[in-house]
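Welcome! Take a moment to look over the sequence and the model, and then we can walk through them together.

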Amino acid sequence: MSGVARIAAAAVAAALCAVVVRKQSPEIALALGLGACALIVLYCSGALADVMELADKLARAGGLSPQVVEPVVKAAGIAIVSRLAADFCKDAQEGGLASAVELAGTALALAAALPLMSAALDTLVKLL
């Protein structure tokens with residue numbers, strides 16, 4: 001079975017278990033979903049390491065400094081974590097908290113990208 005099929009099967013199984021358990025104990029259902037999510041992310045960590053290795057290789061080949069690549073990776077990581085956290089808040093019927101997490105994720109991703117934006121601005125100034 002391919003990786004995505006395993007992930008999909010695990011997610012569907014966890015979701016079905018959560019639906020059954022939610023009637024009696026919503027807290028346990030939320031914890032079950034959180035645990036399943038953590039396992040899926042851990043399962044994908046090997047693939048993410050490969051992506052990071054390729055990004056580093058491309059950056060070196062293109063002559064890009066780590067200061068240029070690092071903000072992009074940080075922003076992507078912030079987006080993934082904030083999206084997962086917001087979705088769990090929504091599952092717990094905390095829509096306002098989910099919105100706050102999404103807003104914080106956006107602000108932190110922009111802050112992480114500041115060095116990249118600064119480098120781009122410096123390059124534009126040099127060209128003019």
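## How confident is the model?

pLDDT is the predictor's confidence in each residue, from 0 to 100. This is a predicted model, and the mean pLDDT of the protein chain is 87, with 99% of its residues at 70 or more.

Which element has the lowest mean pLDDT, and which the highest? Helix H2 (residues 26-61) has the lowest, at 85, while helix H4 (residues 95-127) has the highest, at 90.

## The overall picture

Following the protein chain along its sequence gives the pattern α-α-α-α. In total there are 4 helices and 0 strands.

What about the overall dimensions? The C-alpha atoms fill a box of roughly 65 × 40 × 15 Å, taken along the principal axes. The radius of gyration is 19 Å, whereas a compact globule of 128 residues would be near 14 Å. Buried residues make up 15% of the 128 residues.

## Helices H1 and H2

Helix H1 (residues 3-22) and H2 have axes that come within 8 Å and cross at roughly 170 degrees. Angles over 145 degrees count as roughly antiparallel, so H1 and H2 are roughly antiparallel to each other.

Which residues make this contact? From H1 they include Ile7, Ala11, Ala14, Cys17 and Val21, and from H2 they include Ile28, Leu32, Ile40 and Tyr43. By class, the contact has 14 nonpolar, 1 polar and 2 charged residues.

## Helices H3 and H4

Now for the other pair. The axes of helix H3 (residues 66-91) and H4 come within 8 Å, crossing at roughly 180 degrees. H3 and H4 are therefore roughly antiparallel to each other. Among the H3 residues in the contact are Val68, Val72, Ile78 and Cys89, and among those of H4 are Leu97, Val101, Leu108 and Leu116. The residues of this contact divide into 17 nonpolar, 2 polar and 3 charged.

## A closer look at alanine 79

To finish, let's visit a single residue. Alanine 79 has its place in helix H3.

How far is alanine 79 from threonine 106? In sequence they are 27 residues apart, and in space they are 7.4 Å apart, C-alpha to C-alpha.

Technical notes:
Residues numbered from 1 in each chain as written. Predicted model: local features only at pLDDT ≥ 70, side-chain atom pairs only at ≥ 80, totals over all residues. Heavy atoms only, no water. Helix = DSSP H or I, 4+ residues; strand = E, 2+ residues; numbered from the N terminus. Axes fitted to C-alpha atoms, helices over the stretch in contact; angles between N-to-C directions. Parallel < 35°, antiparallel > 145°, perpendicular 65-115°, else oblique. Contact = heavy atoms within 4.5 Å. Nonpolar A, V, L, I, M, F, W, Y, C, P; charged D, E, K, R; others polar. Rg over C-alpha atoms; globule rule 2.2 N^0.38 Å. Buried < 20%, exposed > 50% of the residue type's maximum accessible area, 1.4 Å probe, protein only.
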